[in-house]
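Please read these notes beside the sequence and the 3D view, going from one point to the next. They are written for someone who is new to reading protein structures.

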Amino acid sequence: FVKDVIGGAGNALNEVATGTGNFVKDVVGSGTNVVGKVVETGVGAVDKVVSGTGTAVGQILEGNLGGALGTVAGTVLDTGFGILGGGVDIFGNIVSDTLTIGKNVLGSVVDTGVVLFCAVGGLIVDCRKAPGSVSVAPLPFQCRGKSDVIIVIDASGSVGSLNFKKQLSFAANLAGAFLIGPNNARFGVVGFSTNYQKWFNLNQYNAPVEVMQAILRTPYSAGVTATDKALNSIIDNKMFDAANGGRPDAKDIVIVLTDGQSDKPSATQTAANKLRSRGAIIFSVGIGLGNNKGELVSIAGNEENVFNADDFDLLNNVLYQLAQRTCAASGSEEKPVVVEPPIEVVPPECQAQADVIYVVDASGSIGPKNYKKVQQFTVDIAKSFRIGKNEVQFGSVIFSSVAQKWFDLKDNRNIAQLRRALLSGPYFNSTTRTDKALDLIRSENMFGRSAGGRDAAQKIVILLTDGASDDKKKTLAAANKLKNNDVNIIAVGVGNAELAELRAVASSNDDVLFANTFDALDKVKDQVIERTCE
């Protein structure tokens, strides 16, 4: 039953339930758990959600919840289950207490209190209430460019049904980072394995939540990897043409997600070349160790448009970068999104006025689990300060083989916003170019007024690293340039970090802190806070 519902093979009330009795009358009428945990919570889902002729899913999506609107939506979230006890792909909570049913949630002007949805574990949920949501969507921005984006999703047998759902969540979260509509971004989806399936056209959905729902309904087919057929189908079916929602003034973008080499590499490259020759920009995302880097480059046309995740659980580490690049290709700037999740705030111990920039090592020697510990460490430090434009501000740079400005000093005006931004940073899993991160602070003028910097505030860099930099000479030179511009550098080393280099980089020996392990970071937290406050 659940399999057929997910695959879209039939109507849950009629075709799939055939042979089991009158589904609506016998199952819903008897009060048993058609809506899984919702019924068990005693919300009255049978009366208020299921009308007797429509599914609970349909009623929730259409907003026909009757008097149980707030409670039903909240309870679905709180139990962690979707309709049918979590068996169906999507429909966790589309409804929020603060929103009107049917409102274009992400399409409204982004402001304090905006509720964003995350695709987590096959459910669309309020990101603030999603377990572990800090590591997934929402991204700290919304793109408002005008682009026609087609996502090509690998549904081959090597992916597996569970990982396929993770892939769909990734794609849905990517779409959720864009303002969607006739004058903004539009999304279409093609799934592929042995054959392709055009899942929906660009003009089929015009609201972010609708697009996210549709992506999560993409069926899994479990065949071979005919990437060429999927790419050719975009041209053959004229998916970028006006009849299917394409717009002459919108940038054509294709995003290919795959976990392995295509069955016909030459045909795949030919199909990709045809798309690019027609003006499309292609991004390729390789997942796992089975993909061919050379083929990913041949699909995208260059290495800059290639992204890699070591496994499906690490897909979200490339989400921000891919969304940024897609947004840039749309010819748009990112607009910051303000989301205020519930958070316990420790009473601030320090009331200094300072501009603090974290420089966070995301190299391969750290590992994903320890990287999360580093992220939490940055949050724990920030919670000891009063956050605001007249008090302490934080910015962030994340580095590995490259350095990326994660956010500016002016971007997060309270601890809730700052916490979410710090915990959502990407993990790069490569080498240790500390020099690039320190140089980026100057090249991007991150202490400047345009980034939120204040002339009267102390300028502080907190470097967090677990190893020696790849180029010590350049790292020391970059650090000295910052220090010569009245920037105080606090260096926090973990594990194999080189003490001599930390001392050379830091403003003084007192500004060098060391933890033997990532679990021991908490032991130096108070010292970092004290040095920052001074």
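The numbered points below cover the basis of the model, then helix packing, a loop, a disulfide and the aromatic rings.

1. This is a predicted model, in which local features need pLDDT of at least 70 and side-chain atom pairs count only at pLDDT 80 or more, while totals for chains, interfaces and linings use all residues. Residues are numbered from 1 along each chain as its sequence is written, and side-chain values use heavy atoms, with hydrogens and water left out.

2. Begin with helix 9 (residues 227–236) and helix 10 (residues 265–277), whose axes come within 8 Å and cross at roughly 25°. Helices here are DSSP runs of H or I with at least four residues, strands are runs of E with at least two, and both are numbered from the N terminus; axes are lines fitted to C-alpha atoms, for helices over the stretch in contact, and angles run from 0 to 180 degrees between N-to-C directions. The crossing angle makes helix 9 roughly parallel to helix 10, given that angles under 35 degrees count as roughly parallel, over 145 as roughly antiparallel, 65 to 115 as roughly perpendicular and the rest as oblique. The crossing of these two helices, helix 9 and helix 10, is left-handed, a term used if the near helix is turned anticlockwise from the far one by less than a right angle, with right-handed used if clockwise.

3. Which residues of helix 9 meet helix 10? On the helix 9 side they are Thr 227, Asp 228, Leu 231, Asn 232, Ile 234 and Ile 235, and they meet Ala 267, Thr 268, Ala 271, Ala 272, Lys 274 and Leu 275 in helix 10, where contact means heavy atoms within 4.5 Å.

4. Helix 9 is mostly covered, since 7 of its 10 residues are buried; buried means under 20% relative accessible area, exposed means over 50%, and partly exposed lies in between (1.4 Å probe, protein chains only). The buried residues of helix 9 are Thr 227, Asp 228, Ala 230, Leu 231, Ser 233, Ile 234 and Ile 235, and they pack against strand 4 (147–154), strand 5 (186–192), strand 6 (196–200), strand 7 and helix 10.

5. Just after helix 9, Lys 238 takes a positive phi of about 50°. Ala 242 is found in the loop between helix 9 and strand 7 (251–258), and at 64% relative accessibility Ala 242 counts as exposed.

6. Helix 13 and helix 14 pack at an angle of about 160°, with their axes 9 Å apart. That makes helix 13 roughly antiparallel to helix 14, and the crossing of helix 13 and helix 14 is right-handed. Among the residues making this contact are Gln 375 and Val 379 of helix 13 and Leu 418 and Leu 422 of helix 14.

7. The count comes to 1 disulfide, where a disulfide is a pair of cysteine sulfur atoms within 2.5 Å. This disulfide joins Cys 143 to Cys 327, S to S 2.2 Å, and it links distant parts of the chain, with Cys 143 in strand 3 (residues 141–143) and Cys 327 in helix 12 (residues 319–329), 184 residues apart. The torsion about the S-S bond of Cys 143 and Cys 327 is about 90°, so the disulfide is right-handed. Cys 143 is buried, with a relative accessible area of 0%, and Cys 327 also counts as buried, at 0%.

8. The count of aromatic pairs comes to 8; rings of Phe, Tyr and Trp (its six-membered ring) pair if their centres lie within 6.5 Å, and planes under 30 degrees apart count as stacked, over 60 as edge-to-face and the rest as tilted. Phe 178 and Phe 187 form an edge-to-face pair, 5.6 Å centre to centre with 70° between the planes. Ring pairs also link Tyr 358, Phe 385 and Phe 394 into a cluster.
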